[in-house]
Amino acid sequence: TDTVVVVGAGLAGARCAGALRAGGLRSRIVLLGDEPHAPYDRPPLSKDVLLGKADATTLDIDWAHLGVDLVTGRRATALEPGVLHTDAGELPYGSLVIATGAAPVALPGADRAHLLRTVDDALALRALLRPGARIVLVGAGWIGAETATVARALGCEVTVVEAGPTPVPGALPARVGAAMTAWYREAGVDLRCGAVVASVGPHEVLLADGTRLAADEVVVGVGARPATGWLAGSGVALDAAGAVLVDERLRTSLPGVLAAGDCVSYPSARSGTRLSVQHWDHALQSGAAAAASLLGLETPYDPVPYFWSEQFGRMVQYAGRHTDGDDLLWRGAPGDPAWTVLWLRDGRLRALLAVDRPRDLTQGRRLLERGAVLDPARAADQAVPLKAA
Ligand code: FAD
């Protein structure tokens with residue numbers, strides 16, 4: 001068979017299937033996913049959908065017209081060379097693309113806590129965000145901050161419990177995360193950093209220090225892990241976190257099998273390390289790149305990573321990749337309504353975080369693409385556009 005099977009009908013899978021057809025592939029394409037829905041966009045789930053401004057975010061693609069066999073509600077269970085096993089029978093393939101994304105991490109023993117990953121999760125949670133409802137959010141990451149924003153807008157009483165010393169401790173140094181704590185306070189959110197959840201009861205959350213927080217609903221946003229358990233025994237190599245190891249053209253260790261999106265770890269020459277990126281832009285671009293790779297194009301996949309988050313009325317955007325040893329440079333002060341942080345190494349721009357400074361982001365992204373060197377004194381001056389030294 002020369003059938004291409006794309007496993008996982010999220011953004012990466014959808015983009016890959018569409019790009020294969022657009023790229024001139026004539027063979028049968030099957031796009032298979034376990035959700036009961038056609039492919040849809042996730043970023044609005046913690047924004048407009050939760051807020052009640054949108055009910056569905058289905059991608060505007062006519063699959064039948066494209067000649068892609070979309071199969072929903074069907075789960076991949078195992079993989080062997082040439083055959084995909086699913087909960088509804090076997091599917092032979094010539095080439096296969098793994099795009100099963102990531103699944104949110106749950107708190108052990110907290111069965112009644114809500115997770116936010118699917119449109120069904122978002123619609124179920126939205127029905128519970130009533131005025132006066134006491135909502136405890138576990139994790140002050142991107143999703144936690146966005147959910148807190150919406151819950152406050154809907155009149156809920158919101159407490160955010162974060163184990164780290166500041167918001168987004170995994171992705172941002174404490175100096176930068178600390179600048180975000182005021183946003184929670186101003187929004188009327190009770191942010192408790194350095195607080196660890198011991199247990200979740202029917203009407204409360206118990207913290208490790210003995211504090212009891214009354215909770216009508218508990219929402220957990222502490223990260224997501226690659227949804228790759230179904231690949232056990234397949235010969236597809238995974239890293240310690242469960243991400244599919246691919247090369248610069250998104251090929252896995254199994255011939256004819258590629259991978260894209262939240263579930264992969266790819267080598268980034270630009271960043272000097274392997275990257276696992278769980279953001280929208282990467283899902284889109286790596287989905288297209290996997291299709292290009294299958295079609296025989298030689299371009300290595302290594303874009304400047306990018307994502308955004310909308311929280312507490314602010315547009316937060318990040319591009320690049322910083323590491324601990326980089327020099328941190330503020331463009332504006334943390335208390336300003338808008339500011340940018342730059343990470344430099346040997347004068348070269350490595351990453352930037354822009355808060356309500358979209359122009360810095362656009363200019364910074366271009367400088368990152370070129371590996372530009374900046375003059376620190378000039379880069380720190382908000383009045384001058386970001387440019388190379
Ligand atoms: P997914 O979207 O997870 O799609 C994978 C699909 O595969 C899913 O439908 C899954 O059910 C299915 N699947 C899993 N296992 C199997 C199996 N065994 N068999 C069949 N199907 C399977 N990124 C940003 O940059 N900015 C944002 O503001 C932003 N907001 C977000 C808000 C929310 C609430 C969420 C959840 C994510 C957000 N993201 C954001 C991240 C972004 O949405 C993801 O990076 C992107 O969806 C990843 O796409 P993907 O196709 O790799 O994986």
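Let me begin with the ligand, which is surrounded by 36 residues, and the closest of these are Gly8, Gly10, Arg42, Gly101 and Gly261. Please keep in mind, as you look at the structure above, that this is a predicted model.

What kinds of residues make up that shell around the ligand? They divide into 18 nonpolar residues, eleven polar ones and seven charged ones. If we ask which elements of secondary structure contribute, we find that the helices α1, residues 11-22, and α7, residues 280-294, together with the strand β21, residues 306-311, each supply at least two residues of the shell.

Now let me turn to the domains. The protein is divided into domain 1, which is made of residues 4-102 and 225-294, domain 2, which covers 106-220, and domain 3, which covers 313-379. The shell around the ligand draws at least three residues from domain 1 and at least three from domain 2.

Finally, I would like to look at one sheet. In general, the strands of a sheet pair through backbone hydrogen bonds, and they do so in either a parallel or an antiparallel way. Here we have an open sheet of three strands, in the order β17-β19-β20, and its pairing is mixed. Why is one side of β17 and of β20 left without a neighbour in the sheet? Both β17, residues 244-245, and β20, residues 273-275, stand at the edges, where each has a single partner strand, and so one side of each has no neighbour there. Strand β19, residues 264-268, pairs with β20 in the antiparallel sense over three bridges, and within this part of the structure Pro267 stands opposite Arg274 in β20.

Note on methods:
Residues are numbered from 1 along each chain as its sequence is written. This is a predicted model: local features need pLDDT of at least 70, side-chain atom pairs count only at pLDDT 80 or more; totals for chains, interfaces and linings use all residues. Two strands pair if DSSP finds at least two bridges between them. Helices (H or I, at least four residues) and strands (E, at least two) are DSSP runs, numbered from the N terminus. Domain bounds come from an automatic or database domain assignment. A residue is near a molecule or strand if its C-beta atom, placed from the backbone, lies within 6 Å of it. Ala, Val, Leu, Ile, Met, Phe, Trp, Tyr, Cys and Pro count as nonpolar, Asp, Glu, Lys and Arg as charged, and the others, Gly among them, as polar.
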